[in-house]
Amino acid sequence: MRNSALTIGSMLCLLMLCGCAGLSKKAVEKHHYYLEVQRGTAETVTRPDAVMLVRRMQVSPLYDGRELVYRMDGGRMESDFYNLFFVPPAEMVSQNLRQWIGSAGLVGEVVADASLVQSDYILEGMVNALYADFSGNRPEGVAAMQFFLLDAESDDAILFSGRYEERVPLSGRSPDAIVEGQRKAVHAIFEKLENDLRDRLATL
């Protein structure tokens with residue numbers, strides 16, 4: 001009887017020690033990032049009488065997760081469990097694009113999908129790539145997007161289409177350097193898109 005009591009007592013002590021060991025285990029630490037792409041407000045407006053609906057961007061399934069994505073040698077892809085965007089890329093790029101178009105002075109008003117305001121033009125797009133390329137000798141931040149400008153009053157006829165890809169050399173392989181390189185790549189794409197849209201709108 002005494003031996004049984006000692007055995008049970010030993011097992012309880014062992015379970016308590018295991019529990020304490022589990023509690024002292026270091027928690028997984030994740031880091032969150034946001035691609036903030038900003039533009040100063042333009043002084044003039046190309047089409048002050050027009051309204052543009054900027055639809056939510058679509059994102060390739062390869063890059064629609066919140067984790068940072070890396071392209072490695074041999075076509076191997078990796079996602080970073082510990083470093084990720086604060087919001088999904090579709091929401092992040094869409095929000096930045098609406099703010100950019102709104103500040104660019106292309107049209108009088110910019111609205112989002114939920115708006116009931118009748119628009120004159122619709123801008124929609126697809127993020128085809130958003131990753132860090134470690135497959136070569138020089139790490140690069142990569143962004144690629146495709147856009148369509150549609151005529152909202154003419155059965156969504158295509159007024160303009162454009163494909164853009166930017167590769168920005170990274171200052172290092174850290175998550176901070178990767179996100180900064182991707183931010184510069186998206187910034188360059190938005191600049192080119194703005195210039196192309198301004199030229200097209202001026203002819204309408």
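Residues are numbered from 1 along each chain as its sequence is written, and side-chain values use heavy atoms, with hydrogens and water left out. As the model is predicted, local features need pLDDT of at least 70 and side-chain atom pairs count only at pLDDT 80 or more, whereas totals for chains, interfaces and linings use all residues.

When its neighbours within four places in sequence are left aside, Ile101 is in contact (heavy atoms within 4.5 Å) with Met52, Val54, Leu106, Val110, Leu123 and Leu197. Helices (H or I, at least four residues) and strands (E, at least two) are DSSP runs, numbered from the N terminus.

With a salt bridge taken as a side-chain nitrogen of Lys or Arg within 4 Å of a carboxyl oxygen of Asp or Glu, the count comes to 13. Residues are called buried under 20% relative accessible area, exposed over 50% and partly exposed in between (1.4 Å probe, protein chains only). Arg47, buried at 18%, is joined to Asp49 by a salt bridge of 3.5 Å, N to O, and Asp49 is exposed at 58%. In helix H3 (residues 175-201), Glu194 and Arg198 are four residues apart, which means a separation of about one helical turn; their side chains meet at 2.5 Å, N to O, with Glu194 buried at 5% and Arg198 partly exposed at 23%. A network of salt bridges links Asp133, Arg138, Glu140, Glu165 and Arg167.

On the surface, Val28, Phe81 and Tyr82 form a nonpolar patch with about 320 Å² of accessible area together. Such patches are made of residues with over 30% relative accessible area and no salt bridge, like charges being joined within 9 Å and nonpolar side chains (Val, Leu, Ile, Met, Phe, Trp, Tyr) within 5 Å. Accessible areas come from the Shrake-Rupley method with a 1.4 Å probe. Phe81 is found in strand E5 (residues 77-85) and, at 46% relative accessibility, counts as partly exposed.
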